[in-house]
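Look over the sequence and the model below. Then read on for a short tour, from single residues to the whole chain.

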Amino acid sequence: MMEPEPHRQSYFKESRSLLYSYLICLPLFLLYELLVYISQPDAEQIVRISVDAWFKGIFTTFGLNALSITFFIACLAGIWILIRDRGRLKHLRTSWFLFMLLEALMYAILLTLLITSFLEYLMMIDQGSPLEDLSKLQMAALSLGAGLYEELFFRVILVSLLLWICNRFIETKWISYTIAALLAALIFSGVHYTGTYGDTFTLGSFLFRFLFGLALNVIYVLRGFGMAAWTHALYDLLIITIR
């Protein structure tokens with residue numbers, strides 16, 4: 001009798017792994033940095049996603065080259081993940097990356113139809129943004145950056161931190177997950193009103209960001225970081241395209 005191949009798992013189980021998430025997010029990272037500089041070649045102050053600006057601001061404070069350190073950390077993370085999941089590399093299915101992108105696109109379209117349509121048509125709320133003053137290329141770059149950096153911070157770091165805190169005081173796991181997801185979505189929504197390009201606060205836009213963040217929290221928990229990042233990025237790109 002033939003032994004089953006190690007790590008030969010179903011698409012839905014393997015595609016949410018750290019290895020697949022890192023590899024599918026690598027193009028997001030590279031394209032974001034490339035488009036940021038292509039779209040703003042002579043800008044005195046580069047426009048970046050707020051979370052990315054926070055990270056790079058910390059590096060700059062310590063006298064480090066922010067971009068070089070960012071690439072260095074991305075490489076270190078890649079080396080660690082590849083060593084950690086080296087057993088999976090032999091059975092890596094490159095075709096699954098296309099399926100993951102299609103799945104993320106499906107989620108992005110569903111979020112566009114469900115959340116945006118609900119707010120705009122049932123509540124008659126228009127989703128405007130100061131980012132509309134930027135060029136399409138700049139907005140495309142920020143869309144990719146939002147998918148990567150906002151999901152890294154608000155999903156991987158914040159949700160995990162809130163969940164760890166909740167688990168220390170609450171024994172029932174589903175209650176901990178619910179509280180962590182709701183709090184992370186509230187913070188995610190609130191952050192969009194800070195900074196130079198922050199939204200002007202309205203109840204409609206706050207509800208939109210909250211529901212969007214909540215949906216991404218669910219996608220992150222069920223399908224992993226890579227799926228949440230690409231869903232966010234593709235959603236933003238869809239909004240740019242249809243406006």
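## A tour of the chain

T70 is found in helix α4, which covers residues 66-84. Helices here are DSSP runs of H or I with at least four residues, strands are runs of E with at least two, and both are numbered from the N terminus. This is a predicted model, where local features need pLDDT of at least 70 and side-chain atom pairs count only at pLDDT 80 or more, while totals for chains, interfaces and linings use all residues. Residues are numbered from 1 along each chain as its sequence is written, and side-chain values use heavy atoms, with hydrogens and water left out.

Is T70 buried or exposed? T70 counts as buried because its relative accessibility is 10%. The cut-offs are these: buried is under 20% relative accessible area, exposed is over 50%, and partly exposed is in between, with a 1.4 Å probe and protein chains only. Leaving out residues up to four places away in sequence, T70 touches F29, K56, F59 and Y149. Contact means heavy atoms within 4.5 Å.

F97 is found in helix α6. At 16% relative accessibility, F97 counts as buried too. Apart from neighbours within four places in sequence, F97 is in contact with Y20, L23, I24 and L92. F97 and Y20 are 77 residues apart along the chain, yet their C-alpha atoms are separated by 7.9 Å.

L34 has its place in helix α2. L34 is partly exposed, since its relative accessible area is 48%.

**Charged pairs**

Side chains of opposite charge can pair when their charged atoms come close. A salt bridge is a side-chain nitrogen of Lys or Arg within 4 Å of a carboxyl oxygen of Asp or Glu. How many salt bridges does a search of the whole structure find? The search finds 9. The table lists some of them.

| Salt bridge | N to O distance |
|---|---|
| E33 and R48 | 3.0 Å |
| D85 and R88 | 3.7 Å |
| E103 and R223 | 2.7 Å |

Take the pair of E33 and R48. It links distant parts of the chain: E33 is in helix α2 (residues 18-39), and R48 is in the loop between α2 and α3 (50-61), 15 residues apart. Both E33 and R48 are buried.

Next come E103 and R223, joined by a salt bridge. E103 lies in helix α6 and R223 in helix α9 (residues 203-223), so the pair ties together parts that are 120 residues apart in sequence. E103 counts as buried, at 8% relative accessibility. R223 counts as buried as well, at 7%.

D85 is buried, with a relative accessible area of 6%. D85 also belongs to a network of salt bridges that links E14, R84, D85 and R88.

**Aromatic rings**

A pair of aromatic rings is described by the distance of the centres and the angle of the planes. Rings of Phe, Tyr and Trp (its six-membered ring) pair if their centres lie within 6.5 Å; planes under 30 degrees apart count as stacked, over 60 as edge-to-face and the rest as tilted. By this rule there are 19 aromatic pairs. In one of them, F201 and F206 have ring centres 5.8 Å apart and planes at 55°, so the pair is tilted. F201 counts as exposed, at 53% relative accessibility.

Which residues form one aromatic cluster? They are Y32, W54, F55, Y149, F153, F154, F188, F208, F212 and Y235. R155 lies over the face of F188, at 4.7 Å from the ring centre. A charge sits over a ring if NZ of Lys or CZ of Arg is within 6 Å of the ring centre and within 35 degrees of the ring normal.

**Surface and whole chain**

L98, F99, L102, L105, M106, I109, L110, L113 and L114 make a nonpolar surface patch of about 840 Å². M106 lies in helix α6, residues 95-122. M106 is partly exposed, with a relative accessible area of 43%.

The chain holds 10 helices and 0 strands. Of its 243 residues, 44% count as buried. Among contacts between residues at least 6 apart in sequence, 75% join residues at least 24 apart.

Terms used:
Patch = residues over 30% accessible without salt bridge, like charges linked within 9 Å, V, L, I, M, F, W, Y side chains within 5 Å. Areas by Shrake-Rupley, 256 points an atom, 1.4 Å probe, with all protein chains shown as cover.
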